[in-house]
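Here is a short report for a reader who is new to this structure. Take a look at the structure first, then read on.

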Amino acid sequence: KRTQVAIIGAGPAGLMLSQLLAARGIDTVVLERHSRDYVESRIRAGVLEHQSAAALRAAGVGARMDAQGMAHSSIDLAFAGAHHRIDLEGLTGKKIMVYGQHEVVKDLIAQRLADGGDIRFEAEVNAIEGLDGDQPKVRYTHNGQPHELVCDFIAGCDGYHGVSRTSVPSNALKVYEHRYPYAWLGVLAEAAPTSDELVYARHETGFALYSMRSPSVTRLYFQCRPDEDPEAWSDAALWAELHRRLETGDGWTINEGPILQKNVAPMRSFVVEPMRYQRLFLAGDAAHIVPPTGAKGMNLALADVQVLAPALVRWFEAGDPRGLDSYSEVCLKRVWRVQRFSVWMTRMLHAQPDADAFEERLQQAELASAAACESAARHLAENYVGLPLEAPA
Ligand code: FAD
Ligand code: DHB
């Protein structure tokens, strides 16, 4: 079997790339190690930037998002016992869309399959070969049988733990990495949200985030130790911690409900440069991880493939390699700006285990500045709703 672009991974990056290329008549095969049911029900990110929502609409997969997603025009910063509204729409003219990553994935899969697209689930890629030639090959296992797929290009959209990045000779890539001394305990609860904005709370015992997935499902997170065992938390203890960190005493309270899921997500910053090796292009989490506090992971994945798709189209339609040659540089500019924003939000909102009293005061001043000073709030808002997509080189 042969295809033009072999796409490894059916996450937001791989599926959106397949969708964008199909619209221009370019043939792709998406190889995904997990089942369709698994990728469609895996709860992960929840916030789409203005531009990401627009891109999904433009790609023909925005209808359910527009019907069921929740457009938010502000977020709330809670600290020092009070709530502070950051008026995203007033400051930037843009809103964000609260819509689960698994819903985005569902919509993209449904559209690709309806259009006759080729997505192979439970197809695990084991090796990539021939990257130095012009007919690279992907080896994968499907139904216990070995298969190979020959292609012109490979898109490594297989996340942080995928095979794409590790198939590149290590001296061809430079890795930048940072770890954090905390993680997030995430809770999904069948409880109607009591706020129409997301609440980012800095409590003295640590960060907490109030988010949602639908009018009947609340998504909550709170800062914990990286080695925390979610099973060691009873439901009552989880709710007590969430009440303590989120409710500031101004009367706003959160609803409790049956807990559907709880998990601990590690936190790291990671960037690999460049995002290309010969005929392999890395996109999304395969190339970079940001700490989750800015809600940027899925958005960066979607931004990468909006640069990669037109670059591949230019190569296939006109033999012009310039878009492919500038892909890594164009993406990395955004990646580092988003990394900076995510790290800033993370440090501003988390209790730093090793902070001295001076640093604690600085952190409070940072929050006060973001809430009280219009230019600081605008800076936060502009980054939160998303930086404009860069023009291709
Ligand atoms: P992914 O969505 O990870 O997709 C990669 C796909 O490749 C996966 O489906 C995987 O099964 C497949 N794959 C991997 N290896 C192979 C192989 N060898 N063969 C075939 N297929 C393979 N971001 C936020 O902004 N907010 C959040 O709350 C948030 N929560 C998260 C929770 C968790 C547990 C994780 C892991 C991430 C979270 N993120 C969050 C980050 C966000 O979900 C990612 O940035 C986003 O999924 C990136 O999309 P992607 O398409 O690059 O990769
Ligand atoms: C969600 C996750 C985030 O990391 C964030 O900053 C906001 C919302 C969420 O899962 O809903």
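Which polar backbone atom is 3.2 Å from an oxygen atom of ligand 1? The atom belongs to proline 12. This is a predicted model, and the sections below go through its ligands, domains and backbone.

## Ligand 1

The shell around ligand 1 holds 31 residues. Glu32, Arg42, Gln101, Tyr221 and Asp285 come nearest. Sorted by class, the shell has 15 nonpolar, eight polar and eight charged residues.

Proline 12 places a polar backbone atom 3.2 Å from a ligand oxygen. Arginine 33 has a backbone N or O atom 3.0 Å from a nitrogen atom of ligand 1. At glycine 297, a backbone N or O atom lies 3.3 Å from an oxygen atom of the ligand. On its own, ligand 1 exposes 990 Å², and the protein buries 86% of that.

## Ligand 2

Now for the second ligand. How many residues surround ligand 2? There are 14, and the closest are Tyr200, Ser211, Arg213, Tyr221 and Pro292. The shell has eight nonpolar, three polar and three charged residues. Tyr221 is listed among the closest residues for ligand 2, and Tyr221 is also among the nearest for ligand 1.

Tyrosine 221 has a side-chain N or O atom 2.5 Å from an oxygen atom of ligand 2. For arginine 213, a polar side-chain atom lies 2.6 Å from a ligand oxygen. Alanine 295 brings a backbone N or O atom to 3.3 Å from an oxygen atom of ligand 2. The ligand has 290 Å² of accessible area on its own, and the protein covers 96% of it.

Which element gives the most to this shell? Strand E15 does, with three residues. E15 spans 206–214. Strand E14 (198–203) and strand E16 (217–224) each supply at least two residues.

## Two domains

The protein chain is divided into two parts. Domain 1 is made of 2–72, 95–178 and 268–351. Domain 2 covers 183–265. Their centres, taken over C-alpha atoms, are 29 Å apart.

The domains touch: 18 residues of domain 1 are in contact with 19 residues of domain 2.

## Backbone details

Proline 274 sits in the loop between strand E18 (268–273) and strand E19 (276–277).

Is alanine 80 buried or exposed? Alanine 80 is exposed, with a relative accessible area of 76%.

Glutamate 122 lies in the loop between strand E8 (118–120) and strand E9 (123–129).

Notes:
Residues are numbered from 1 along each chain as its sequence is written. Chains are lettered from A and ligands numbered from 1 in the order in which they are written. This is a predicted model: local features need pLDDT of at least 70, side-chain atom pairs count only at pLDDT 80 or more; totals for chains, interfaces and linings use all residues. Side-chain values use heavy atoms; hydrogens and water are left out. A residue is near a molecule or strand if one of its heavy atoms lies within 4 Å of it. A polar contact is a pair of N or O atoms within 3.5 Å; within protein, one must be able to donate a hydrogen and the other to accept it, and residues adjacent in sequence count only if both atoms are side-chain atoms. Accessible areas come from the Shrake-Rupley method with a 1.4 Å probe; for residues, only the protein chains shown count as cover. Helices (H or I, at least four residues) and strands (E, at least two) are DSSP runs, numbered from the N terminus. Ala, Val, Leu, Ile, Met, Phe, Trp, Tyr, Cys and Pro count as nonpolar, Asp, Glu, Lys and Arg as charged, and the others, Gly among them, as polar. Buried means under 20% relative accessible area, exposed over 50%, partly exposed in between (1.4 Å probe, protein chains only). Domain bounds come from an automatic or database domain assignment. Contact means heavy atoms within 4.5 Å.
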